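Please look over the sequence and the 3D model shown here.

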Amino acid sequence: MKTQFYTATSLDGFIATEDDSLDWLFSLGDINDSSYPEFIAQVGALAMGSHTYEWMLRHADKVIEEVGSAWPYEQPTWVFTRRKLPLIEGADIRFVSGDVAAVHSQMRAAAGGKNIWIVGGGELAGQFYDAGLLDELILQVGSVTLGQGKPLFPRRLLNPVLRLTSVQQKQNEMVELRYDIRHPGSQNGD
């Protein structure tokens, strides 16, 4: 069981534009030609930031068009927010706030031995990292630059924290990088 941040990023390290647009990503290929189908089959619970959740709400028509329902996940999802947000009917969503460590054990129990996916955004993934709970980064790097926007992972990692474990070309416009995370003081990867 791992806690993973699986996301797409531009070459210059942004996961969305300043106004939370992902339009740049959709022109880069079909999600079914990526590692996503295999990845999501191994996921038992999700964590999502409020901006990502609100993006899902704003783009419900596109989600319905692609997957047939307004919510594309069967797994229970914890949405981290300090605000009251509308619930998507039929979705297993739990709104929470505060320390990610306090919620992580609930997520592990619900995942039933499968992985936990930090869907987005980068700051939420950073909070899991800060708590020593993030095990792996899986990055779909697109052949675009955004110049500015929402950063991939707003943390400074200067020590040998990330260990590259895999590089794969997924499509002509994408490459997948996988990194194991070595937490300070841990013995993994040594």
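**The cores**

This is a predicted model. Its largest nonpolar core has 28 residues. Phe80, Ile118, Phe128 and Leu134 touch the most other members of that core. The strands giving two or more residues are β3 (43-49), β4 (77-80), β6 (115-120), β7 (136-142) and β10 (174-181). The helices that do so are α5 (100-111) and α6 (122-130). In soluble globular proteins, nonpolar side chains tend to be buried together.

**Helix α6 and Phe128**

The buried residues of α6 are Gly122, Leu124, Ala125, Gly126, Phe128 and Tyr129. Which residues does Phe128 touch, not counting those up to four places away in sequence? Its contacts are Thr3, Ala47, Phe80, Val100, His104, Met107, Ile118, Leu133 and Leu134. Gly132 follows α6 and has a positive phi, near 75 degrees.

**Ser35, a loop residue**

Ser35 sits in the loop between α1 (23-26) and α2 (36-41). Is Ser35 buried or exposed? Ser35 counts as buried because its relative accessibility is 8%, and the cut-off for buried is under 20%. The side chains of Ser35 and Tyr6 make a polar contact at 3.0 Å. Leaving out residues up to four places away in sequence, Ser35 touches Tyr6, Gln140, Lys170, Glu176 and Arg178.

**Ile181 and Lys84**

Ile181 belongs to strand β10. Lys84 lies in the loop between β4 and β5 (93-96). Ile181 is buried, at 2% relative accessible area. Lys84 is exposed, at 82%. The reason for that label is the cut-off: exposed means over 50%.

The table pairs each of these residues with a second one, giving C-alpha separations.

| Pair | Apart in sequence | C-alpha to C-alpha |
|---|---|---|
| Ile181 and Asp23 | 158 residues | 29 Å |
| Lys84 and Ser50 | 34 residues | 9.9 Å |

**In brief**

Ser35 is a buried loop residue with a polar contact to Tyr6. Lys84 is a loop residue too, but an exposed one.

Technical notes: Residues numbered from 1 in each chain as written. Predicted model: local features only at pLDDT ≥ 70, side-chain atom pairs only at ≥ 80, totals over all residues. Heavy atoms only, no water. Core = buried A, V, L, I, M, F, W, Y, C linked by side-chain atoms within 4.5 Å. Buried < 20%, exposed > 50% of the residue type's maximum accessible area, 1.4 Å probe, protein only. Helix = DSSP H or I, 4+ residues; strand = E, 2+ residues; numbered from the N terminus. Contact = heavy atoms within 4.5 Å. Polar contact = N/O pair within 3.5 Å; in protein donor to acceptor, adjacent residues only side chain to side chain.
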